[in-house]
Amino acid sequence: ARRTFERMPKRNVITWNTMLAACAQHGKGKEALGLFEKMQFESVKLDHITFTTVLSACGHTGLVDEGCHLFDTMNQDDCFAPAVEQYACIVDLLGRAGRLKEAEEFIKKTPFQPPAVVWMALLAACRIHGHVEIAKHTAECVIELEPKSAAAFVLLSNIYTAANSWVDKAKVRHMMMDRGVEKEPGQSCIKPNNWVQDFVSDDIPSTNKGN
């Protein structure tokens, strides 16, 4: 992919962003930063997708200082004031590095009311690092914003399970039932003889659909 990219006679921000995304997906944070610097050197017009993708690459490869520096650079540029996506990336970046308290404080200092997606980034990090106390408060923030979303309940339940906190896990399950929140079952499908057969968890078949 990189060779094809380098051989292109003309490249625009879309092709650059695509290459950056490939680096992020495959854990090549340093390479993504190198491409970002090359974009600036070649005066490519950057967009918010560019910054989000590079921040994501930093988060997935532990380049915390580099990601925070890039975010600070955005704050200094009136044309690229950070949006919700970039704030979520920094929370994810700090969270993956185990700097959960710092990530929580970062959220509290956002210049807008943090949406659920930002809090969910912290909750996911709490699951990675098994931090129950921060997870509890974070889940409450998500549930307040999206009371019918099962994601926060499920993540918090999994965190309690990992901590062997069975009483708290049961409380979460009862809260879901009381509020009528249901988790969508996992689903997969096979295609025998041009028919699509769907399966949900516990191998219970659903409807068949012909092509």
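**Helix packing, core and loops**

Biologist: Which residues in helix 5 do His48, Phe51, Val54, Leu55 and Cys58 in helix 4 meet?

Modeller: This is a predicted model, in which local features need pLDDT of at least 70 and side-chain atom pairs count only at pLDDT 80 or more, while totals for chains, interfaces and linings use all residues. Residues are numbered from 1 along each chain as its sequence is written, and side-chain values use heavy atoms, leaving out hydrogens and water. Helices are DSSP runs (H or I, at least four residues) numbered from the N terminus, and contact means heavy atoms within 4.5 Å. On that basis, those residues of helix 4 meet Glu66, Gly67, Leu70, Phe71 and Met74.

Biologist: Are helix 4 and helix 5 roughly parallel or roughly antiparallel?

Modeller: Their axes (lines fitted to C-alpha atoms over the stretch in contact, with angles from 0 to 180 degrees between N-to-C directions) come within 9 Å and cross at roughly 160 degrees. Angles under 35 degrees count as roughly parallel and those over 145 as roughly antiparallel. Helix 4 and helix 5 are therefore roughly antiparallel.

Biologist: How is helix 4 oriented to helix 6, parallel or antiparallel?

Modeller: Helix 4 (residues 48–60) packs on helix 6 (residues 84–96) with the axes 8 Å apart, at an angle of about 5 degrees. That makes the two helices roughly parallel.

Biologist: Which residues of helix 6 make the contact with helix 4?

Modeller: The side of helix 4 includes His48, Thr52, Ser56 and His60. By class, the contact has six nonpolar, six polar and three charged residues. Those from helix 6 are Glu85, Gln86, Cys89, Ile90, Asp92, Leu93 and Arg96.

Biologist: Which residues touch the most other members of the largest nonpolar core?

Modeller: A nonpolar core is a set of buried Ala, Val, Leu, Ile, Met, Phe, Trp, Tyr and Cys residues joined through side-chain atoms within 4.5 Å; buried means under 20% relative accessible area, exposed over 50%, with a 1.4 Å probe and protein chains only. Among its 60 residues, the most other members are touched by Val91 and Leu122.

Biologist: Is Ser43 buried or exposed?

Modeller: Ser43 lies in the loop between helix 3 (29–41) and helix 4, and its phi is positive, near 60 degrees. At 63% relative accessibility, Ser43 counts as exposed.

Conventions. Parallel < 35°, antiparallel > 145°, perpendicular 65-115°, else oblique. Nonpolar A, V, L, I, M, F, W, Y, C, P; charged D, E, K, R; others polar.
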